[in-house]
Amino acid sequence: MDTSLSTIGVLTSGGDAPGMNACIRAVVRSALNKGMRVMGIHKGYAGLIKGDVSEMHANSVADIIHRGGTILYTARCPEFMQTEYQDRAAEMCRIFGIDGLVVIGGDGTFRGAERLSDRGINVIGVPGTIDADVSCSEYTIGFDSAVNVVVEAISRLRDTSASHERCSVVEVMGRNCGEIALWSGIATGADAIMIPEDKDSQSFDQIIRVIMENRARGKNHNIVIVAEGVGNSQELTKRVHEVTGIDSRCTILGHIQRGGSPTALDIKHASMMGYLAVEALAKGETNRVIAVQKGAYVDIDIDEGLAMKKTPSMDIWKANLQISTY
Ligand code: ADP
Ligand code: F6P
């Protein structure tokens with residue numbers, strides 16, 4: 001054992017994401033191999049406040065590497081914004097002997113982690129959210145799996161929309177972030193991709209022009225991808241129909257994007273990040289996030305990470321504009 005930490009905890013928080021289980025497995029096994037005890041905290045910060053904690057062993061994480069969701073359950077816990085509950089959570093860590101903690105979630109989860117680090121608990125964050133909206137990391141666990149679910153769903157929509165010569169408007173998740181829309185848009189050959197971060201991407205006139213030009217050149221069906229942060233995709237579908245006369249249908253993919261087995265890419269990153277989080281704790285680090293920057297794993301200070309600004313992948317949007325022209 002190369003640290004004074006004897007017991008660590010692990011929790012998942014915010015929306016679940018495929019690959020979280022692989023990350024939990026990596027944390028548990030890496031820590032046990034260092035001679036640490038591991039406590040699984042159920043339901044994120046909500047469970048920590050209540051002491052919903054149980055010890056984990058090597059076989060607690062057997063046969064979960066390929067499973068979606070999170071065996072530790074997850075939650076959103078608004079109370080945790082209040083100092084009273086942050087004090088209680090830190091006290092709970094002391095009661096269970098937890099002196100190091102790995103939190104798997106997004107920027108909100110890392111804000112909570114900072115509050116625990118302030119209270120003397122060594123905390124390391126791992127980015128886990130399908131949205132890819134963690135400001136300091138190019139990659140978040142679950143993003144690749146979610147994009148693959150969207151691509152699979154759109155290939156089904158393509159069959160029916162082509163058969164009926166319709167326009168399919170597809171709303172995808174991402175909160176205020178357009179990455180799922182951008183990646184799935186280019187991967188499905190979408191005619192247009194609308195994202196919340198960039199006003200140009202939302203120009204209704206441009207979308208209509210692309211659809212009409214493609215129709216004039218003989219393309220009999222269209223796919224428009226709308227990130228949920230853009231807003232009313234049903235209304236947009238109605239307007240497309242009214243303005244173009246093309247029969248249009250709206251599909252909101254919703255929570256199916258969060259389910260299913262993680263892709264190999266998600267499992268690989270989840271395993272590496274879980275392992276690196278334990279390595280960081282073992283070195284005595286706290287208040288840091290394991291991130292991917294320029295394709296490499298790094299660990300960065302949570303304050304610095306939260307202060308970074310995520311820039312949308314407009315290169316994908318620009319390329320798609322060229323490629324989508326029929
Ligand atoms: P994500 O971690 O994916 O960004 P949320 O924004 O829902 O998801 O945050 C997850 C949880 O993190 C919240 O329910 C809350 O318990 C905690 N959290 C979020 N923001 C803060 C904050 N400013 N201070 C303390 N805890 C926070
Ligand atoms: O953060 C993941 C996410 O799936 C977002 O894409 C979406 O906006 C939100 O969570 C949905 O939250 P809930 O599961 O609470 O409906």
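The side chains of Glu213 and Arg209 form a salt bridge, with N and O 3.6 Å apart. This pair belongs to a predicted model. Both residues sit in helix H7, four residues apart, which is about one turn of the helix.

Glu213 is partly exposed, at a relative accessible area of 29%. Arg209 is partly exposed too, with a value of 43%.

Lys238 and Glu235 are three residues apart in helix H8, so about one helical turn separates them.

The relative accessible area of Lys238 is 48%, which makes this residue partly exposed. Glu235 is partly exposed as well, with a relative accessible area of 34%.

## The sheet beside these helices

The model contains an open sheet of four strands in the order S7-S8-S6-S9, and the pairing is parallel. Strand S7 (192-194) and strand S9 (248-252) are the edge strands, each of them pairing on one side only. On average, neighbouring strands of this sheet are turned by 20 degrees against each other, with direction ignored. In general, strands of a sheet pair through backbone hydrogen bonds, in either a parallel or an antiparallel way.

One pairing can be followed in detail. S7 and strand S8 (residues 222-227) are joined in the parallel sense over three bridges. Ile193 has Ile225 in S8 as its bridge partner.

## How the helices cross the sheet

Helix H7 (residues 204-216) lies across strand S6 (167-172), S7 and S8. The angle between helix H7 and S8 is about 165 degrees.

Helix H8 (residues 233-244) lies across S6, S7, S8 and S9. Relative to S9, helix H8 runs at about 165 degrees.

## Other salt bridges

The whole structure has 16 salt bridges. One of them joins Asp16 and Arg258, whose closest N and O atoms are 2.7 Å apart. Asp16 is in the loop between strand S1 (7-12) and helix H1 (20-33), while Arg258 is in the loop between S9 and helix H9 (264-282), so this pair ties together parts that are 242 residues apart in sequence. Asp16 and Arg258 are both buried.

Salt bridges also link Glu114, Arg115 and Asp118 in a network.

## Surroundings of ligand 1

Which residues are the closest to ligand 1? Of the 16 residues that surround ligand 1, the closest are Arg76, Cys77, Gly106, Gly108 and Thr109.

Arg76 places a polar side-chain atom 2.9 Å from an oxygen atom of ligand 1. Cys77 approaches through its backbone, with an N or O atom 2.6 Å from an oxygen atom of the ligand. Arg175 has a side-chain N or O atom 3.4 Å from an oxygen atom of ligand 1.

Notes: Residues numbered from 1 in each chain as written. Chains lettered and ligands numbered in written order. Predicted model: local features only at pLDDT ≥ 70, side-chain atom pairs only at ≥ 80, totals over all residues. Heavy atoms only, no water. Pairing = 2+ DSSP bridges. Helix = DSSP H or I, 4+ residues; strand = E, 2+ residues; numbered from the N terminus. Axes fitted to C-alpha atoms, helices over the stretch in contact; angles between N-to-C directions. Contact = heavy atoms within 4.5 Å. Salt bridge = Lys/Arg side-chain N within 4 Å of Asp/Glu carboxyl O. Buried < 20%, exposed > 50% of the residue type's maximum accessible area, 1.4 Å probe, protein only. Near = heavy atom within 4 Å. Polar contact = N/O pair within 3.5 Å; in protein donor to acceptor, adjacent residues only side chain to side chain.
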